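Take a look at the sequence and the model below. Then use the briefing to find your way around.

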Amino acid sequence: MTDTTDNVVVLDSSIEDALNFDGLRLLAVASSQEARISIETYLKGYEGVEYELLNQREFEQHGVTVNAEIPDVLVLEVKDATDAEVHIEAIRAEPELEFLHICLLMKSPTKNAIVNLLRAGADDILSLTPNEIELSSSLARSTVNRAVVGDDRNAASRRRTIVFIHASGGAGATTLAVNSALQLQKEAKRFGGNACLIDLDIQFGDADLQLDLPMRSNLFELVKSPDRLDSRMLENLMIKGPDGLHVLTSPDEPLPFDALEKSTVEKVISLARRHHRYVVIDMPITLTSWTDSVLKAADCIFLVTQMNVLALRSARRLIDTLQEENLGGKSIMAIANRYPSKGQGRKISIAEAEKMLRVSINTTVPSNFGLLINSLDQGVPAILQQPTSKYSRTIDELLESASAKPATQKKRSFGGGLFKRGDADV
Ligand SMILES: Nc1ncnc2c1ncn2[C@@H]1O[C@H](COP(=O)(O)OP(=O)(O)OP(=O)(O)O)[C@@H](O)[C@H]1O
Ligand SMILES: [Mg+2]
């Protein structure tokens with residue numbers, strides 16, 4: 001299968017074709033002679049891989065970079081499980097290293113240590129002198145991860161976690177979250193990535209209904225054994241929706257909100273972020289012990305409200321409450337949903353609503369009962385049913401304001417502006 005010449009492994013061309021490591025940046029850190037010789041032999045054989053090999057001391061001075069850039073893969077020799085844990089914890093605490101593929105080289109790891117290290121954030125654990133298949137399989141897994149993130153190097157900057165909150169029942173938050181997630185799935189696929197939707201309304205969440213999913217996530221597993229949570233478990237809990245959207249749905253039986261521990265919710269979000277370009281979260285109307293954790297993890301918070309006095313007053317109260325929490329300087333963007341067209345009679349103007357909310361309204365979403373009732377009845381979200389409707393186009397505007405979608409050229413002139421084309425809008 002392979003030849004060895006001058007200590008360089010030459011891969012069989014069929015393997016090379018299957019394992020395309022072109023452009024892969026790798027940092028290898030090994031101090032022991034055996035590990036250094038073993039990995040360098042293989043690395044020299046991988047064409048297109050840019051790598052640096054450092055010893056532990058050099059690594060401490062140099063940090064996790066190859067030619068001043070963050071690598072795709074870190075192959076790191078560790079003394080034992082404790083040493084490994086210290087490294088993993090430090091690396092995963094750095095937001096810009098969130099997507100680094102970490103492959104540990106370790107002498108006779110126990111089964112327990114492997115499980116714990118994978119949970120802590122390692123991607124692979126190999127022996128001190130991995131064979132070619134082990135090492136290339138690990139690199140292949142890292143390229144799968146790269147595909148999820150997308151090809152371009154600035155992908156991380158376009159990753160987004162978007163949270164929808166609401167303060168009065170039926171504001172339309174879930175509908176917006178579902179449609180946004182589907183639109184982002186389409187966007188993510190352009191770069192070879194994925195989006196996911198997390199329904200954290202674990203009592204009466206109905207995102208699954210809106211998407212007509214065949215089953216719900218078994219959140220009971222998560223509640224029963226939160227310490228088992230890792231990427232694989234989360235992936236297994238997610239249900240595949242339209243267009244390949246991954247959905248963590250609410251459970252079959254309503255759960256008390258405190259059944260989910262704060263640390264579990266934090267871990268769910270952090271794992272989801274690692275594996276999906278876009279993470280959309282739909283929150284319950286109730287404030288929970290983990291609300292602040294979710295909001296702190298968000299890149300963008302949308303507060304959905306209807307345009308009536310009661311709804312606006314509740315929204316204002318929610319804004320006040322959240323502003324008392326330290327959300328790390330994050331601002332809340334208000335969305336006026338079911339905004340009637342002029343013909344439908346507007347009781348409260350945007351200016352009046354903004355005065356009540358004491359924040360400006362970011363987007364107004366048109367009222368369209370016909371479309372949304374239909375979409376609920378058929379289990380086909382509006383964005384799939386009528387992608388050019390005014391409702392669907394407003395989703396684009398919303399996502400652009402969250403910097404999750406590049407801005408489209410809008411013509412707002414009276415003659416033929418964005419809102420002039422299209423179908424049976426209200
Ligand atoms: N822009 C809109 N125009 C017309 N109807 C809408 C609009 N947005 C949402 N709806 C309808 O309002 C109802 C409530 O929507 P949704 O479930 O999204 O609200 P929510 O804020 O998530 O409510 P909950 O408090 O139950 O979580 C649904 O029947 C939905 O179809
Ligand atoms: Mg809802």
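The mean pLDDT of the protein is 85. Of its residues, 86% reach 70 or more.

**Confidence**
- Residues 1–17 have a pLDDT below 50. Beyond near neighbours in sequence, this stretch has 20 contacts in the model.
- Where pLDDT is low, the predicted coordinates should not be read in detail.

**Around ligand 1**
- Ligand 1 is surrounded by 19 residues.
- The closest are Gly172, Ala173, Thr174, Thr175 and Leu372.
- Three elements each supply at least two residues of this shell: α8 (173–190), β14 (332–339) and α16 (369–378).
- Sorted by class, the shell has nine polar, eight nonpolar and two charged residues.

**Helices α4 and α5**
- Two packed helices are described by the angle between their axes and the distance between the axes.
- Helix α4 spans residues 81–92, and helix α5 spans residues 111–120. Their axes come within 10 Å and cross at roughly 10°.
- Angles under 35 degrees count as roughly parallel, so α4 is roughly parallel to α5.
- On the α4 side, Ala81, Ala84, Glu85, Ile88 and Glu89 make the contact.
- By class, the contact of α4 with α5 has six nonpolar, one polar and two charged residues.

Definitions and conventions: Residues are numbered from 1 along each chain as its sequence is written. Chains are lettered from A and ligands numbered from 1 in the order in which they are written. This is a predicted model: local features need pLDDT of at least 70, side-chain atom pairs count only at pLDDT 80 or more; totals for chains, interfaces and linings use all residues. A residue is near a molecule or strand if its C-beta atom, placed from the backbone, lies within 6 Å of it. Helices (H or I, at least four residues) and strands (E, at least two) are DSSP runs, numbered from the N terminus. Ala, Val, Leu, Ile, Met, Phe, Trp, Tyr, Cys and Pro count as nonpolar, Asp, Glu, Lys and Arg as charged, and the others, Gly among them, as polar. Axes are lines fitted to C-alpha atoms, for helices over the stretch in contact, and angles run from 0 to 180 degrees between N-to-C directions. Angles under 35 degrees count as roughly parallel, over 145 as roughly antiparallel, 65 to 115 as roughly perpendicular and the rest as oblique. Two residues are in contact if their C-beta atoms, placed from the backbone, lie within 7 Å. pLDDT is the predictor's confidence in each residue, from 0 to 100.
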